[in-house]
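Take a walk through this protein with the model open beside you. We start at single residues and finish with the overall dimensions.

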Amino acid sequence: MLRCAPQMSSSPLSKKRRLSGTETKTESHSSSSNSVKTELSHTPANGMAKNGNDAEIDEGLYSRQLYVLGHDAMKRMQNSNVLISGMRGLGVEIAKNVILGGVKSVTVHDQGVAEWRDLSSQFYLREADLGKNRAEVSQPRLAELNSYVPVVSYTGSLTNDYLTQFQVVVLTNSPLEEQLHVGEYCHSQGVKLVIADTRGLFGQLFCDFGDDMVVYDTNGEQPLSAMISMITKDAAAVVTCLDEARHGFESGDFVTFTEVQGMTELNGCQPVEIKVLGPYTFSICDTTGFSDYVRGGIVSQVKMPKKVSFKSLPSSMAEPELMITDFAKFDRPGQLHVGYQAIHAYQKKHSRLPKPWSQADADEVVALAKEVNSSLTGSAKVEQLDDALIKKLAFVSAGDLAPINAFIGGLAAQEVMKACTGKFMPIMQWLYFDALECLAEEEGVLLSEEECAPRNSRYDGQIAVFGTKLQDELAKQRYFLVGAGAIGCELMKNFAMMGLASKEGEVIVTDMDTIEKSNLNRQFLFRPWDVTKMKSETAAAAVKQMNPSFNITGHQNRVGPDTERVYDDDFFESLNGVTNALDNVDARMYMDRRCVYYRKPLLESGTLGTKGNVQVVIPFLTESYSSSQDPPEKSIPICTLKNFPNAIEHTLQWARDEFEGLYKQPSENAMQYLTDPKFMERTLKLPGAQPLEVLEAVYKTLVTDCPHSWVDCVTWARNHWQCQYSNNIRQLLHNFPPEQLTSSGAPFWSGPKRCPHPLEFSTDNDLHMDYVMAGANLYAQTYGMPSNTDRAALAKILQEINTPVFTPRSGVKIHVSDQELQSAHASVDDSRLEELKTLLPNLDSSSKFKLTAIDFEKDDDTNFHMDFIVAASNLRAENYDIPPADRHKSKLIAGKIIPAIATTTGSVVGLVCLELIKIVQGHKKLESFKNGFMNLALPFFAFSEPIAAPSHKYYEIDWTLWDRFEVKGMQANGEEMTLRQFLDHFKNEHKLEITMLSQGVSMLYSFFMPAAKLKERLELPMTEIVTKVSKKKLGKHVKALVFELCCNDLTDEDVEVPYVRYTIR
């Protein structure tokens, strides 16, 4: 789930946009592997590793990531051996993401031993590991992340000979000499190289994927397609698309054509480059020699491979290509390019890093930077060194921060995946990042060497940057973490490393979900043996292992009005802030409202594939999450679904509706009829033809269609097949024959309306058999009958079934548009309604029916749900000549799956935790905070200061969404305020005349109320009116009520005013 942000392209992203995971087939990509040494080809203990060309991709595990990368890229990744050198915080972060991703093997390398300062971000080192080799200690813990990826440790030196066995080499925590040597050698051998380095609040990333890297898909977006209305015969023919929606192409895209009538030379042509002329038009090649265009056709975008060439590290040092991550700091990358070299020079000279916040050391680094700069030729030389920036780099360079490592580690791991797969555009070639806003807001505030000196504490890496005062503050924090999924797991890991809630503080994490296999690919605190356990408890136990002093409590509650007696005033008032790790907009909006009411900071984030966003909400400073909303998702018109589908999305939605209408609603209604005495009364009150429809369905479920054997279930499924894929289509063609013309003389079946054809049932057709098998089994399940998967027996039963002969009827009305559908009033047959009441079984017979409504579950491959959806959708697609979708793509669309990958999650959460550091320090300036948006595929980053809370005014009083009227319900005499007193209070105190007053959905007072009702209400206490109108008792946990007001000022003008917090206890 993702919140939209500044975007370079024209189409804004939405909070929940469904992307599809197919990708264009390209020739297989051979990796530049020289001989793979034997130590990499071993199998892990559980024998699951079957990576390499013959490996089947485990869709149960990799499902959400497959929707980001696609099968081809995943297969290429499974042929890549990766070396990650340096197992400090950054190295382990990259290794975690790459192992979760599923490469062929990972070798972790380090010659150093664990020190105190490593523990501030290396989550697989414990205090007991101090003095041991970092790679050897980390290896078994990393190996648990993915049983398909063998992980070995190596503690020797990186000789040329050793490097040749890898397709990708990653260097972290590596001296410049080693970087240059390895960089030169890898470039000459065609081994791809990523260098990542973090220094306190600064990060550096460099990529070299060789002279001729092929990128197969530059952005990972779904190829676009559009329906055509006209193609001209021209030297540069103009193609016009139907004006249903903009085509979305860009000049330079390549397209191909299908289903064009007349100018058939275009069908299946080689990809043609286009030039966009307008939102509905573009030009293509010369068509003067082609036949005349008649009608129809679909144009589809084709992803074309792109060659990219990289410079080696030595030549790129002198002539760097710098990527900008923050346009507010566009001059910093060049400065940091020099600054990093100065830090390396200092380290070489003194065999240590500059001491934290040491003035003398910092001055020396500045002097070294000047030397470096004057020796540079070419574009790397900067005109004017920013001494203050270089000084800050020196001050914090010994620091090691979990959030910075998480951010750079996510980016670096994504670059490794790009190197292995050719999927997405690599970083060209340098990226520098800093988060200096985390330091004190006031200019010139310097920490002392004392308070930042190492003190053999697990937080030494963080104390080096922020001193001990922040460490003490972090330890006391009480935070509420909502969600323990992918974002939740990453947040907990960073919280534990940073020392949040490590003394008297506490983190409360709530999530009502259990762990599923598909979670393991990115929710890295979970293991295969945790499947079916509760997420929050399992995750809390896992992070306590990383930092035993982390105080964390797991709950299994859904946040919402139902749990407000748990998360009540006392609970929220005790918090320092809230972090959301949610996967839906409704829960986000709810938490946002709670944070505004209790005036608590909220950290909000989301991801969708390679896109991620971070929003920070600060009381009295910024707008809230709900202040801006994405446009609603487009829904498919009913008539398109019912009669005129033209895309696989339409047939899949139709199949989902079939599932609900066959296996869920009928059983629900029938059971309600049998067990709820008020059901009949409620149903008869429904509008239009609904009462008849509902009761007919109940009658069918309980009487006419009630099966008594497996044969009955098969017969029902076979007849339903006949009805949907043959009879209904024949009726539609009877009403609108293929050659039918509209009133204006155009063909009826053209443009978005595809002319269907009926299907003939055959037991030899696998798809037909799949449908009946799934349909009959689901039908049996709803009646509590056993399942049956014997296909041969099924075919025998089907041979015996005689389906009734169907003749299309005249006088059947089929609606062509949704407007026509809405204006049509169905006539209700009252006599049939009365008849049904007598025909339905009496309620005493309820004991003999045991009906189950089936809830759709996409991730269980044995429950027939996806079997039914795929068969139902693809049969309908065959009716309409729409290309079918495989199970994988069908699951994405029908299951509304959000594609997800560990790299994006890690990076986004790194940014969230940087904002958390600012909040804990009490930053007050809007420009100190950063909302972030990224798309790792492009790669693209945008940071902006949050939007200030919009200001409103009544009289001379300015107010924002964070303000409110405080009214105490209990008066001095111990009596509660009446409505009359409440209205008078606003007249006298605020010169406001209340015209309407509401609480939630209850209207308590309005100026147009009937006089008698008003007279009675005016003398009642406020809480009594609330319970009377809402018909709900007030819980003991409720300390205050929220009232919304409409008011007039003294001049009788309507004015907008804040809400009222009315305290009752």
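Thr 532 counts as exposed, because its relative accessibility is 61%. The cut-offs are these: buried is under 20% relative accessible area, exposed is over 50%, and partly exposed is in between, with a 1.4 Å probe and protein chains only. Thr 532 sits in the loop between β19 (506-510) and α14 (535-546). Helices (H or I, at least four residues) and strands (E, at least two) are DSSP runs, numbered from the N terminus. The phi of Thr 532 is positive, near 80°, and the residue is not a glycine. Most residues other than glycine have a negative phi, and most peptide bonds are trans.

A word on the source. This is a predicted model, in which local features need pLDDT of at least 70 and side-chain atom pairs count only at pLDDT 80 or more, while totals for chains, interfaces and linings use all residues. Residues are numbered from 1 along each chain as its sequence is written, and side-chain values use heavy atoms, with hydrogens and water left out.

Asp 1052 is another non-glycine residue with a positive phi, about 65°. Its place is the loop between β31 (1040-1048) and β32 (1054-1055). At a relative accessible area of 57%, Asp 1052 is exposed. A backbone feature of another kind is the peptide bond between Leu 938 and Pro 939, which is cis, with omega about -20°. Pro 939 belongs to the loop between β24 (931-935) and β25 (940-944).

Now use Pro 939 as a reference point for Ala 318. The two are 621 residues apart in sequence and 23 Å apart in space, C-alpha to C-alpha. Ala 318 lies in helix α6 (residues 313-318). With a relative accessible area of 28%, Ala 318 is partly exposed. Beyond residues up to four places away in sequence, Ala 318 touches Thr 377, Gly 378, Ser 379 and Ala 380. Contact means heavy atoms within 4.5 Å.

Which residue does the UniProt annotation "active site" cover? The unreviewed entry places it on Cys 639. UniProt positions are given in the numbering used here, feature names are shortened, and annotations may be inferred rather than shown by experiment. Cys 639 is in helix α17 (residues 638-642). Its relative accessibility is 4%, so Cys 639 counts as buried. Leaving aside neighbours within four places in sequence, Cys 639 is in contact with Phe 644, His 815, Val 816, Ser 817, Asp 818 and Leu 821.

Move on to Arg 754, in the loop between α22 (710-735) and α23. Arg 754 is buried, because its relative accessibility is 11%. A polar atom of its side chain lies 3.0 Å from the backbone oxygen of Tyr 880. Not counting residues up to four places away in sequence, Arg 754 touches several residues, among them Glu 259, Ile 298, Trp 749 and Asp 881.

Helix α23 itself covers residues 766-782. Its 17 residues reach 24 Å from first C-alpha to last, close to the 24 Å expected at 1.5 Å a residue. That expected span is 1.5 Å times one less than the number of residues. Of the 17 residues of α23, 13 are buried, so the helix is largely enclosed by the rest of the structure. Asn 765 caps its N-terminal end: a side-chain oxygen lies 2.9 Å from the backbone nitrogen of Leu 767. After α23 comes Gly 784, with a positive phi near 70°.

UniProt, again in an unreviewed entry, places the feature "domain: Ubiquitin-activating enzyme E1 C-terminal" at residues 929-1060. This span is 22% helix and 35% strand, and its end C-alpha atoms lie 30 Å apart. Elsewhere in the tour, note Gln 999, found in strand β29 (residues 993-999). Gln 999 counts as buried, because its relative accessibility is 18%.

Finally, step back to the protein. It has 32 helices and 33 strands. Buried residues make up 56% of the 1065 residues. Of the contacts with a separation of 6 or more, 74% are between residues 24 or more positions apart. Along its principal axes the C-alpha trace spans about 100 × 90 × 60 Å.

Key. Polar contact = N/O pair within 3.5 Å; in protein donor to acceptor, adjacent residues only side chain to side chain.
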